[in-house]
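Take a walk through this model, one region at a time.

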Amino acid sequence: YYAAGATKFGAGGDFVTAPELSPLFGRTLALQIAPMLRALEGDMLELGAGSGALAAAMLLELEHQHALPARYCILELSADLEARQRQRLATEVPHLLNRVIWLDALPASFTGVIVGNEVLDALPVHCLQWQRDKILERGVTWNGTQFAWAMRERREGPLWQAAQALPIEPSGLDAPYVSEINLAAPALIHTLAAMLVRGAMIFIDYGFPQREYYHPQRDMGTLRAHYRHHALDDPFFLPGLCDLTAHVDFSALAHAAARSGLTLMGYTSQANFLMNAGIAELLGQTSPDNPAAYLPQANAVQRLISPAEMGELFKVIAFSREMDFSVAGFTRGDRSHTL
C-alpha cells in the first residue's frame with residue numbers, strides 16, 4: 001500500500017493525519033521537544049514521515065525556539081513517500097533542507113529525540129479468535145475467487161504465549177472473540193531502546209490500554225481498512241489499495257519499554273497533551289479579527305482536541321533513557337496508572 005504511487009494523505013487520499021489538519025500540531029509537539037534537544041545537543045529522528053507535513057512544521061518551530069538539531073533524520077521505507085517528502089520540504093523549508101537526512105535503516109546508535117506519529121498502527125498484527133476450548137490464528141487463504149479467512153489452532157510459540165497472557169477467558173465466551181496481537185510494536189520499542197544512548201521517544205497513535213483493548217464488548221477486534229475516508233470492516237476489500245490498520249495496545253508498549261530499561265515519561269490523550277503543551281496559545285497568535293486565517297486553524301484545533309474527533313481516541317506516550325526531564329504535555333491528565 002505505501003509503496004504504491006496513489007495519494008495516501010489529505011482530502012484527496014484515504015485518510016487525514018493530524019499534521020495535515022494544521023501545522024499547529026507539529027509546532028506544539030516541537031515546543032515540547034525543543035528543550036530536550038537543547039539539553040541533549042542531539043538529533044531528531046522521525047519514523048515514517050508521511051507527507052512531510054510534520055517535519056516541515058517542527059523544523060520551523062524548532063528554528064524559532066533556537067533548538068534546531070544538526071540532523072533531522074527521517075526513516076522512510078517507501079520511495080514514493082520519500083520523494084513526496086523531499087518535494088514538500090524543498091518548498092516549505094528550503095533553507096533547512098540541508099539538515100534533513102533520509103535513512104533506509106536505523107542507525108547503530110542515536111542520541112536525541114525520536115518521534116513516531118501514526119506509525120505503530122500500520123505495523124502488521126496477528127489476528128486471533130478465542131473459542132471455549134482453543135485459540136485460533138486467523139490466516140488468509142485464496143478460495144478461488146477472492147481472499148478469505150482461514151483458521152489454524154495455536155498451542156505453542158510467542159504468539160500463543162502472548163494470547164494466553166491476555167485477560168480473555170475462552171471458557172466464558174458464548175461466541176468467538178476476535179482481536180489482534182501486535183508483536184512488532186513491542187519489538188520496535190526494544191530495537192529503538194537498544195539504539196538509544198540518551199534521549200527520548202514520543203509516539204502518537206490511536207489505541208487503548210490493555211484492559212480497554214481486550215474489553216469483552218470489543219469482540220470483533222480493531223482491524224480496519226481505510227479507503228477514500230471510509231472505514232471498512234473487510235480487510236480484503238481492494239487488496240493493496242486500502243490502508244490496513246489496527247489500534248495500538250499501549251500497555252504492551254509500556255511493558256516492552258520497561259523490559260528494555262526505558263523510563264515512562266507519561267501517557268495521556270492527544271487532547272490533554274496538546275492543551276498542556278500550548279496549542280491554544282499558538283492558536284492565539286492568529287487574531288480572530290482575521291477570520292479567513294483564524295477560522296480554519298480554530299476548526300482544525302477543534303478536530304485535534306475534541307473527544308468526538310481525534311482528542312480522545314488518539315493517545316501520546318513517551319519514554320526516555322539517561323534523561324531526567326519532565327514534559328509539560330503530561331502535567332495534567334496523565335494516565336500512566338491505566339497501563
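Helices (H or I, at least four residues) and strands (E, at least two) are DSSP runs, numbered from the N terminus. The model is predicted: local features need pLDDT of at least 70, side-chain atom pairs count only at pLDDT 80 or more, and totals for chains, interfaces and linings use all residues. Residues are numbered from 1 along each chain as its sequence is written, and side-chain values use heavy atoms, with hydrogens and water left out.

Start at Leu238. Leu238 sits in the loop between β11 and β12. Its phi is positive, near 45°, although the residue is not glycine. Most residues other than glycine have a negative phi. Is Leu238 buried, exposed or partly exposed? Take buried as under 20% relative accessible area, exposed as over 50%, and partly exposed as in between (1.4 Å probe, protein chains only). Leu238 has 32% relative accessibility, so it counts as partly exposed. Glu322 also has a positive phi, near 55°. Glu322 belongs to the segment after β15. With a relative accessible area of 62%, Glu322 is exposed.

Next come the aromatic rings. A pair of aromatic rings is described by the distance of the centres and the angle of the planes. Here, rings of Phe, Tyr and Trp (its six-membered ring) pair if their centres lie within 6.5 Å; planes under 30 degrees apart count as stacked, over 60 as edge-to-face and the rest as tilted. How many aromatic pairs does the whole structure hold? The search finds 10. One of them joins Trp142 and Phe147, edge-to-face, at 5.2 Å centre to centre and 80° between the planes. Trp142 is exposed, at 51% relative accessible area. Phe147 is partly exposed, at 35%. Tyr227 and Phe237 have ring centres 6.0 Å apart and planes at 75°, so this pair is edge-to-face. It links distant parts of the chain, 10 residues apart: Tyr227 is in strand β10 (residues 224-227), and Phe237 is in the loop between β11 (230-232) and β12 (243-245). Tyr227 is partly exposed, with a relative accessible area of 21%. Ring pairs also link Trp142, Phe147, Trp149 and Phe236 into a cluster.

Charges meet rings as well. A charge sits over a ring if NZ of Lys or CZ of Arg is within 6 Å of the ring centre and within 35 degrees of the ring normal. The charged end of Arg138 sits over the ring of Trp149, 4.1 Å from its centre. Arg218 lies over the face of Phe208, 4.0 Å from the ring centre.

Now look for disulfides, meaning pairs of cysteine sulfur atoms within 2.5 Å. The count is zero. The sulfur of Cys127 has its closest cysteine sulfur in Cys242, 15 Å away, too far for a bond. Cys127 is buried, at 9% relative accessibility. Cys242 is buried too, at 5%.

Move to the interior. A nonpolar core is a set of buried Ala, Val, Leu, Ile, Met, Phe, Trp, Tyr and Cys residues joined through side-chain atoms within 4.5 Å. The largest nonpolar core has 52 residues, and Leu29, Ile33, Met36, Met44 and Leu304 touch the most other members. Helix α2 (residues 23-40) gives the most to this core, with nine residues. Contact means heavy atoms within 4.5 Å. Leaving aside neighbours within four places in sequence, Leu29 is in contact with residues including Leu54, Val115 and Phe273. Another core lies apart, with 29 residues, among them Ala193, Leu196, Ala254 and Phe319.

Finish at helix α8 (residues 250-259). Why is α8 described as largely enclosed by the rest of the structure? Because seven of its 10 residues are buried. Those covering its buried residues include α6 (184-195), β9 (196-208) and β14 (263-269). Gly261 follows α8, with a positive phi near 85°. Ser260 lies in the loop between α8 and β14. Ser260 is buried, at 13% relative accessible area. The side chain of His190 makes a polar contact with the side chain of Ser260, at 3.1 Å. A polar contact is a pair of N or O atoms within 3.5 Å; within protein, one must be able to donate a hydrogen and the other to accept it, and residues adjacent in sequence count only if both atoms are side-chain atoms. His190 itself is in helix α6.
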